[in-house]
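Thanks for coming, everyone. I have one structure to walk you through. Please look at the sequence and the model first.

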Amino acid sequence: MHPWLRPLHAVLKEHRCPENAAAVKAYMKGIAPFFGLKTDLRRSLLKAHMVEAGRPDLDELPDICRSAFACREREMHYVAVDLLVRNAKKLGPDHLPLLEELITTKSWWDTVDMLATNAVGPVLRRHPEHIARWNTRWMRSSDMWLNRTALLFQLKWQQDTDTRLLFANIEALADHKDFFIRKAIGWALRAYSTTDPAAVEEFVRAHELSPLSTREALRLIRAGRV
């Protein structure tokens, strides 16, 4: 384990709650064992650790994050994600291989979505010249979580969303059978509906999406919230 992580791991272990750990492990379909820490507590312990040990330098992040993901406990994976999100404004295209590596490591929606929307997204928003290469790579991948990343990396871009790319990705994955892809299609459209509800309505009308994708896409529109 990376030396920067050792004392933090010990502190998280001290605060473990077996009852919460069992419940969340079941909820997360056994992706990993848990200490059973609530998010607020975990993040407050991370913050205190950074005061004590110092914030890791940007060039230390890859080793620290890989080491965190090598730990058994899911909270350690969350530590890596939190560190990357905290440093999202400093990350550049050179960090995209690392982000892809972590997205495809012990993959489940909890880490994948945070990395896709709050780390990958900010990098590509600042460096749009890299979008085509990575989007093509993820859309062609047999890894469903990379497909999901392609759908979600623009989730918070609002008026900066490349709708042609978003809609093309959705069209390519519209027949996908996996729940997480169908959910992501609806989520991506729902997020964009806050910017251009008419475009989302028209897209849904013109395409045969799964009931799940359609329901999620039109949720805000039907509720009159956009």
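Let's begin with a term. A helix here is a DSSP run of H or I at least four residues long, and helices are numbered from the N terminus. Now use that term. His49 sits in helix α3, which covers residues 39-53. One caution before we go on: this is a predicted model.

Stay with His49. Is His49 buried or exposed? The cut-off for buried is under 20% relative accessible area. His49 has 9%, so His49 is buried. What does His49 touch, beyond residues up to four places away in sequence? The answer is Trp4, Pro7, Leu8 and Gly54.

Now step back to the whole chain. The chain has 14 helices and 0 strands. The C-alpha trace spans about 55 × 40 × 35 Å along its principal axes. Buried residues account for 51% of the 226. Next, take the contacts between residues at least 6 apart in sequence. Of these, 70% join residues at least 24 apart.

Here is one pair to find on your screen. Lys89 lies in the loop between α5 and α6. Its relative accessible area is 78%, so Lys89 is exposed. Lys89 and Pro122 are 33 residues apart in sequence. In space, their C-alpha atoms are 7.0 Å apart.

Next, helix α4, residues 61-70. How many of its 10 residues are buried? The count is 7, so the helix is mostly covered, given that buried means under 20% relative accessible area. The buried ones are Leu61, Pro62, Ile64, Cys65, Ser67, Ala68 and Phe69. What do they pack against? Their partners are α5 (74-86), α6 (96-103) and α7 (109-126).

On to the core. The largest nonpolar core has 72 residues. Which of them touch the most other members? Leu84 and Leu189 do. Let's look around Leu189. Leave aside its neighbours within four places in sequence. Leu189 is then in contact with Phe167, Ile170, Val200, Phe203, Val204, Leu209 and Ala217.

Now for the empty space. Rolling a probe the size of a water molecule over the atoms shows where such space is left. The structure holds 1 cavity of 30 Å³ or more. The largest cavity has about 40 Å³ of space. Its lining is Leu151, Gln154, Leu155, Thr161, Leu166, Ala188, Ala191 and Tyr192. By class, that is 6 nonpolar, 2 polar and no charged residues. Helix α11, residues 179-193, gives the most to this lining, with 3 residues.

Last, the largest pocket. Its volume is about 460 Å³. The pocket is lined by 24 residues, and the closest to its centre are Met28, Thr39, Arg42, Tyr78 and Asp110. Which helices each supply at least two residues of the lining? They are α2 (18-27), α3, α5 and α7. Helix α7 gives the most, with 6 residues. The pocket lining has 11 nonpolar, 5 polar and 8 charged residues.

How values were computed: Residues are numbered from 1 along each chain as its sequence is written. This is a predicted model: local features need pLDDT of at least 70, side-chain atom pairs count only at pLDDT 80 or more; totals for chains, interfaces and linings use all residues. Side-chain values use heavy atoms; hydrogens and water are left out. On a 1 Å grid over the protein atoms alone, a cavity is a set of points where a 1.4 Å probe fits but cannot get out, and a pocket is an open set with protein on both sides within 12 Å along at least five of seven lines; lining residues have an atom within 4 Å of a point. Grid points are joined across faces, edges and corners, and a volume is the space filled by probe spheres set on the points. Ala, Val, Leu, Ile, Met, Phe, Trp, Tyr, Cys and Pro count as nonpolar, Asp, Glu, Lys and Arg as charged, and the others, Gly among them, as polar. A nonpolar core is a set of buried Ala, Val, Leu, Ile, Met, Phe, Trp, Tyr and Cys residues joined through side-chain atoms within 4.5 Å. Buried means under 20% relative accessible area, exposed over 50%, partly exposed in between (1.4 Å probe, protein chains only). Contact means heavy atoms within 4.5 Å.
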